[in-house]
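Please keep the sequence and the model open side by side while you go through this note.

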Amino acid sequence: MTKQRVDVRNRDRIQDLCDRVLDGASIDKEEALWLFELEEQADITDLMAAANRIRQHFKGNRIHLCSIVNAKAGGCSENCKFCSQSSAYQTQSPKYGFVDAEPLRQASEEAKENQVTAVGLVAAWKGLREGPILDEVCDRIREMAAEGKVRPDASLGLIDSQEVANRLKDAGLECYGHNLESSRRFFPEHCTTHSFDDRLKTIGFLQKAGIKICSGGIIGMGESREDRCDLALELRAIGASVVPVNFLNPIDGTPYENMEALPPMEILKTVACFRFLLPDKEIMVAGGRTINLRDLQSMIFMAGASALMVGNYLTTLNQSVDQDLQMLRDLGLSPDWKPELAEEGSCADSSCGCGVTPKNEEASLPMGSF
Ligand code: SF4
């Protein structure tokens, strides 16, 4: 039997980069890209072990749980190739208009029972502008915030003015989900109805209003490892508090229906690289984990993830919340959101994904690029 040689210098370099991150320094693009390009299983497991150490150092053993509600489904004017809700594609996705208060009350109740931090209202449309829909959205956010069961989040597409962002903030919104999806270079490959810069502009309005940003992307669309690296660097540059990482779930009827799945170890490596680049952020594993990772799901935390999207996704199914909670217990991790912090408005951790603005923290202003 031939023995495979493992380059021990790689382990030393991974450890050096890990030590730098633990000391509070950043790694640069060339160093990050080297991590993304690691191929050998032994190197990837060394990388994961280091990412796990970084997670524990910055985030401890608490795991944020979030869930989402499809507040308006299907018929979207945009053409994101991964999405079953685009009107450009023939899919089995449900279609309905903006929901009223009752389904959201139920979702908040269920989330609270399951120790879930936040419920995000997600809508399949291009974006939000002044008008009766914005009034309704603000009413729903106000109602959820007043109930106090979970933190209301929202992911409602593009915003084209500062006034809209300010109104969301005034309604009680603390955190807005708006993924960059991929690198600037790859973005036009998956969407041509709006641009990467439209997304950055939206994030700028939200940050100026004092709303925290939940922004990440989706991997497995045919992008390169450098695209994934550039996405993480861009998210670092904009100062996203929560970084959802989705893995493509190829939906019948979309242009990506036959896309080959990424190997699970490539996915875990990507999560670990994100932890190196965004050491103190909530890295949240979101859509596509069950179908892509199968038995390796629990390894996401050992690869550096610190947050989990639970419950069913917008148009696809997930494993049950009970199974997710058991998985966390088995790993010695705990779902941990302290609603009393929200009441006090004084979270001590500026990078925490709880959405409560730490005392004295200025809203970060629009981004530059890395
Ligand atoms: S904007 Fe959102 S809902 Fe619309 S097609 Fe793109 S991902 Fe889907």
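**Notes on helix packing and surroundings**

1. The axes of H2 and helix H9 (residues 225–238) come within 9 Å and cross at roughly 130°. Axes here are lines fitted to C-alpha atoms, for helices over the stretch in contact, and angles run from 0 to 180 degrees between N-to-C directions. Helices (H or I, at least four residues) and strands (E, at least two) are DSSP runs, numbered from the N terminus. H2 and H9 are therefore oblique to each other. Angles under 35 degrees count as roughly parallel, over 145 as roughly antiparallel, 65 to 115 as roughly perpendicular and the rest as oblique.

2. A word on the source. This is a predicted model: local features need pLDDT of at least 70, side-chain atom pairs count only at pLDDT 80 or more, and totals for chains, interfaces and linings use all residues. Residues are numbered from 1 along each chain as its sequence is written.

3. Back to H2 and H9: their crossing is right-handed. A crossing is left-handed if the near helix is turned anticlockwise from the far one by less than a right angle, and right-handed if clockwise. H2 contributes Lys29, Ala32, Leu33 and Phe36 to the contact, and H9 contributes Arg225, Glu226, Arg228, Cys229 and Leu233. Two residues are in contact if their C-beta atoms, placed from the backbone, lie within 7 Å. By class, this contact of H2 with H9 has five nonpolar, no polar and four charged residues. Ala, Val, Leu, Ile, Met, Phe, Trp, Tyr, Cys and Pro count as nonpolar, Asp, Glu, Lys and Arg as charged, and the others, Gly among them, as polar.

4. Helix H2 (residues 29–36) also meets helix H10 (residues 264–277): their axes come within 9 Å and cross at roughly 160°. H2 and H10 are therefore roughly antiparallel to each other. This crossing of H2 and H10 is right-handed. Ala32, Leu35 and Phe36 of H2 touch Cys273, Phe276 and Leu277 of H10. The contact of H2 with H10 has six nonpolar, no polar and no charged residues.

5. Next, helix H5 (residues 132–147) and helix H6 (residues 162–171). Their axes come within 8 Å and cross at roughly 25°. H5 and H6 are therefore roughly parallel to each other. The crossing of H5 and H6 is right-handed. H5 supplies Leu134, Cys138, Ile141 and Arg142, while H6 supplies Val164, Arg167, Leu168 and Ala171. The contact of H5 with H6 has six nonpolar, no polar and two charged residues.

6. Which residues are around the ligand? They are Cys76, Glu78, Cys80, Cys83, Gln85, Ser86, Ala124 and Gly157. The cut-off is a C-beta atom, placed from the backbone, within 6 Å of the molecule. By class, this shell has four nonpolar, three polar and one charged residues.

7. Is Ile203 buried or exposed? Ile203 sits in helix H8 (residues 196–208). Ile203 is buried, with 22 other C-beta atoms within 10 Å. A residue is buried if 20 or more other C-beta atoms lie within 10 Å of its own, exposed if 12 or fewer, and partly exposed in between, with C-beta atoms placed from the backbone.

8. Met302 lies in helix H12 (residues 299–302). Met302 is partly exposed, with 18 other C-beta atoms within 10 Å. Not counting residues up to four places away in sequence, Met302 touches Met48 and Asn52.

9. Finally, the whole protein. It has 14 helices and 12 strands. Buried residues make up 47% of its 370 residues.
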